[in-house]
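Here is a short report for a first look at this structure. Keep the sequence and the 3D view side by side while reading.

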Amino acid sequence: HPVVIVGAGPVGLTLALDLARRAVPVVLIDDSDRIGEGSRAICFSKRTLEIFDRLRLAEAMVEKGVTWRKGRVFRGEQELYDFDLLPEAGHKQPAFINLQQYYVEAALTEAVLAEPLVDLRWSNRLTALEPRNDGALLTIATPDGDYRIEASWVVACDGARSPTRAMLGLEFRGEAFEDKFLIADVKMRADFPTERWFWFAPPFHSGQSALLHKQPDDIWRIDLQLGPDADAEAERQPERVRPRIEQMLGHVDFSLEWVSVYRFQCRRLARFVHGRVIFAGDAAHQVSPFGARGANSGIQDADNLGWKLALVVQGRSPHSLIDSYDAERVAAADENILHSTRATEF
């Protein structure tokens, strides 16, 4: 196979669709049996929407999503400042939309399934990877047994805990932050504006920080800083989450849709290209959520790599073109990690 992509999240799906539209056959494998659950990434930027527009997906996403461009920052009850991420008119895409990741994955999956050049294989788990000079040999486990396939190129889009990265013994360098954060998606009716609100030392969550974002379907994203000593398993239990949300909202008329507890990390591989194995998205680099740089930078990895890999596979460019993906996206990851680290430390 010319290209095998490991991981059918937003990055792997985007790359598979892009390659198919460029007449490159792709095998796309994922160890799950469906698209992901929970909102996870929700903020998709103007640049990412421009990429989705090229793939003829942006219009429906923007229509479904919550469009926003303004934000406010508070300390306690006092507003410190506000900002506008797209102050001038005339742009085709908005500054940001908030849209649950499962909607983005569903739209990408539907488009991928309509492409005859993409072979999407759910419940296919990569268990071994043997790099070769002209490609790689992959061993894949399925409910019906194991099999092997050969690929000229492998692209690992298999997330922050990338099994592909582990199989190659690659070091994931960077910083892990001690503080833990509660991320909750809450279903409720509210008349808050469609803006990003961030608090330092809010009156409802003393000494920590908080974030409020609107999503479609009357879902609101709430992030609460918990501190370094929080018990992650205990803090995600409804009996601990609900009182915190009640204190923030001042009422109990809401339901919990999704809850998770995170420690943020800023890490990356030293190089994103290792022979015929290429890394993209969280498998290559990981940033904290501050600045919405995670999923967006991964989709932009796919945009950078797609046309280059297509030219190489089709024999229209030397393999050295892939080196420019490494140089450009490592630089982009460094910039994202710099800003994300500064924001997290602040």
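## Terms and basis

Two strands pair if DSSP finds at least two bridges between them. Helices (H or I, at least four residues) and strands (E, at least two) are DSSP runs, numbered from the N terminus.

The model is predicted: local features need pLDDT of at least 70, side-chain atom pairs count only at pLDDT 80 or more, and totals for chains, interfaces and linings use all residues. Residues are numbered from 1 along each chain as its sequence is written, and side-chain values use heavy atoms, leaving out hydrogens and water.

## The β9-β10-β11 sheet

Start with an open sheet of three strands, ordered β9-β10-β11 and paired antiparallel. Its edges are β9 (125–132) and β11 (145–151). Each has a single partner strand, so one side of each is left without a neighbour in the sheet. From one strand to the next, the twist averages 15°. Such angles run from 0 to 180 degrees between N-to-C directions, with axes as lines fitted to C-alpha atoms, for helices over the stretch in contact.

Strand β10 covers residues 135–142. Seven bridges join β10 to β11, and the two run antiparallel. Look at A136: its bridge partner in β11 is A151.

## The β3-β7-β4 sheet

Another open sheet has three strands in the order β3-β7-β4, again with antiparallel pairing. The edge strands, β3 (43–45) and β4 (66–68), each pair on one side only. Neighbouring strands here are turned by 30° against each other on average, direction ignored.

Three bridges join β4 to β7 (residues 96–98), and these strands run antiparallel. T67 stands opposite I97 in β7. Helix α8 (residues 294–313) packs on this sheet and touches β3 and β7, where contact means heavy atoms within 4.5 Å. The direction of α8 makes about 45° with that of β3. Helix α2 (residues 46–54) also lies across β3 and β7, running at about 75° to β3.

## Nonpolar cores

A nonpolar core is a set of buried Ala, Val, Leu, Ile, Met, Phe, Trp, Tyr and Cys residues joined through side-chain atoms within 4.5 Å. Buried means under 20% relative accessible area, exposed over 50%, partly exposed in between (1.4 Å probe, protein chains only).

Which residues touch the most other members of the largest core? They are I5, L138 and V155, out of 66 residues. Helix α1 (residues 10–21) gives the largest share, seven residues. Beyond four places in sequence, the contacts of L138 include V4, L126, Y147 and A151. Another core lies apart, with 21 residues, among them W197, L226, V241 and V261.
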